[in-house]
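Please have the sequence and the structure open while I talk.

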Amino acid sequence: MKLIIKTREAEQSCLALLQLCDVVPKLTQIQAHIVKLGLRNNPLVLTKFAATASDLKAVDYASSVLFSPDSHTHLYDAFLFNTIIRAYAHTSHAKRKALWFYRVMVKGGVLPNKFTYPFVLKGCAGVGDLNLGKSVHGSVVKYGFGDDVHVRNTLVHMYCCCGGGVESARKVFDEMPSSDSVAWSAMIGGYVRVGWSSDAVEMFREMQMRGVRPDEVTMVSVLSACTDLGALELGKWVESYIEKEGIQKSVELCNALIDMFAKCGNVDKALKLFRRMSGRTIVSWTSVIDGLAMHGRGEEAVGLFEEMIGDGVEPDDVAFIGLLSACSHSGLVDEGKRYFSMMVERFGCVPKIEHYGCMVDMLCRAGHVKEALEFIRKMPIEPNPIVLRTLISACRAHGELKLGESITKELIRAEPMHGSNYVLLSNIYAKMNHWEKKTKTREAMDKKGMKKIPGSTMIELDNEIYEFVAGDKSHKQSKEIYEMVDEMGRKMKRAGYVPTTSEVLLDIDEEDKEDALNRHSEKLAIAFALLNTPPGTPIRIVKNLRVCEDCHSATKFISKIYNREIVVRDRNRFHHFKNGLCSCKDFW
């Protein structure tokens with residue numbers, strides 16, 4: 001009896017010390033105290049020890065103590081294992097260890113409980129291994145926890161985080177007898193993660209019809225979907241919905257709103273929200289700098305960056321990518337060089353390939369192709385294919401065709417199955433009027449089963465997202481759309497428009513080339529908008545590729561002829577067309 005009382009007193013003493021422990025050195029002292037009191041195999045004390053270590057980011061230290069060679073792990077219970085598994089599942093670097101300790105647990109004959117699997121499945125989600133996730137799912141069913149709501153929610157999340165698992169996630173979701181906002185948020189977030197943004201928006205609408213109240217996590221995912229689709233009107237509705245429903249505006253939600261407005265074409269609204277925001281993070285600053293960069297407002301981006309430093313916020317490598325991108329899109333070459341040096345010398349940021357890529361892009365856009373080539377040669381790391389493709393595109397744009405041909409052939413040797421390399425070489429041959437070589441390049445693509453990514457353009461109208469591809473005739477208004485395209489062509493020619501037929505990569509006559517240009521997806525989307533919106537209404541479209549030279553020229557004419565502001569988001573930036581001019585000043 002006395003021994004039991006003494007043991008309880010010793011336990012309470014250790015638990016009290018652990019409760020107050022706030023630094024790792026104290027934790028090591030307490031560990032020595034635990035051993036001294038003979039509690040080194042006491043599950044209750046060791047569980048608290050593991051939890052405290054986890055809070056202090058010292059889980060590796062805790063696991064080395066708990067699972068040392070002389071530990072009596074057969075005395076450990078599910079709660080102790082759960083604590084260690086949970087701690088590793090929440091790390092950024094060692095999620096796989098959560099799964100290792102789960103195996104140790106099962107192998108040691110300790111039965112998992114309903115609290116075990118949410119942590120194990122989070123570990124699987126972090127690792128991203130679909131087969132491993134399916135295996136754990138099998139264990140969930142085997143041990144009878146398949147109906148637990150928390151386990152099901154984490155299963156949805158796990159499948160959404162594993163490549164190719166989103167359909168399995170939907171199957172688990174659809175089989176749930178009832179689903180709370182956590183499950184809906186996980187599924188919507190999963191769709192956004194794999195780029196199925198339209199499905200994410202559709203699911204959010206279904207969630208509303210079912211009467212499930214979303215939380216801020218749901219709204220962050222929905223805003224990410226709006227950002228991906230370029231759906232500004234939907235994004236505005238989401239903002240008003242957040243206000244109306246009184247959804248808590250966490251820092252993450254405010255950042256998502258800023259990012260959405262910046263990337264959906266209303267960077268001034270993004271700036272306004274940013275100015276009103278309290279508790280700004282580096283993400284808040286970077287979102288606005290990125291937005292200004294995409295809109296070609298480089299000098300404002302530079303000014304905001306300087307303001308950020310003045311406010312004592314230290315820029316990270318992501319902030320510098322946004323800043324260098326802003327310098328690139330606005331032709332601020334000297335400023336870009338200065339900030340690249342500052343990044344290393346003043347802030348100690350080691351440049352990554354993305355920073356080098358921004359510098360190459362900046363030099364190439366400014367027409368400094370030879371300097372860009374020299375910069376690449378002096379880089380301390382190997383240029384990746386993206387950097388080389390940037391240089392090749394500049395060679396084509398600025399007439400360095402032989403250099404471009406040489407680099408592209410090297411790239412094809414390194415990446416023989418990457419279709420875009422062949423497209424680049426084909427484009428260069430077309431510019432050189434080497435039609436036979438161009439044809440052979442395209443034939444090589446066909447033999448290898450590679451296809452050029454088709455150009456597509458999305459437009460939001462009356463709460464619907466419409467997508468057009470080049471030569472698209474699937475729309476119910478196809479006849480009227482093509483009639484409008486012909487009308488646009490006639491009016492543009494009368495206003496002085498000359499088609500840039502060198503963009504057409506086929507050896508066909510000029511009239512056929514003009515016809516091919518008229519079928520580009522952005523022209524079809526603009527024609528659709530002209531047919532279906534009142535005169536004077538702004539038109540906003542999103543292109544999946546870089547806007548071509550001819551469509552850029554044509555859109556300037558259309559904006560003036562039809563008195564429309566046309567906002568185009570392409571793969572790289574925004575173009576604001578108004579009264580025959582573009583905000584990029586023909587620099588893109």
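A search of the whole structure finds 27 salt bridges, where a salt bridge is a side-chain nitrogen of Lys or Arg within 4 Å of a carboxyl oxygen of Asp or Glu. Before I go through a few of them, please keep in mind that this is a predicted model, in which local features need pLDDT of at least 70 and side-chain atom pairs count only at pLDDT 80 or more, while totals for chains, interfaces and linings use all residues. Residues are numbered from 1 along each chain as its sequence is written, and side-chain values use heavy atoms, with hydrogens and water left out.

Let me start with Arg152 and Asp147, whose closest N and O atoms are 3.3 Å apart in a salt bridge. Arg152 is buried at 12% relative accessibility, whereas Asp147 is exposed at 68%; buried means under 20% relative accessible area, exposed over 50%, and partly exposed in between, with a 1.4 Å probe and protein chains only.

Next, Lys370 and Glu400 meet through their side chains in a salt bridge of 4.0 Å, N to O. This pair links distant parts of the chain, 30 residues apart, with Lys370 in helix H22 (residues 369-378) and Glu400 in the loop between helix H23 (385-397) and helix H24 (401-414); helices here are DSSP runs of H or I, at least four residues, numbered from the N terminus. Lys370 is exposed at 54%, and Glu400 is partly exposed at 26%.

Finally, there is a network of salt bridges that links Arg170, Asp174, Glu206 and Arg210.

Conventions:
Helix = DSSP H or I, 4+ residues; strand = E, 2+ residues; numbered from the N terminus.
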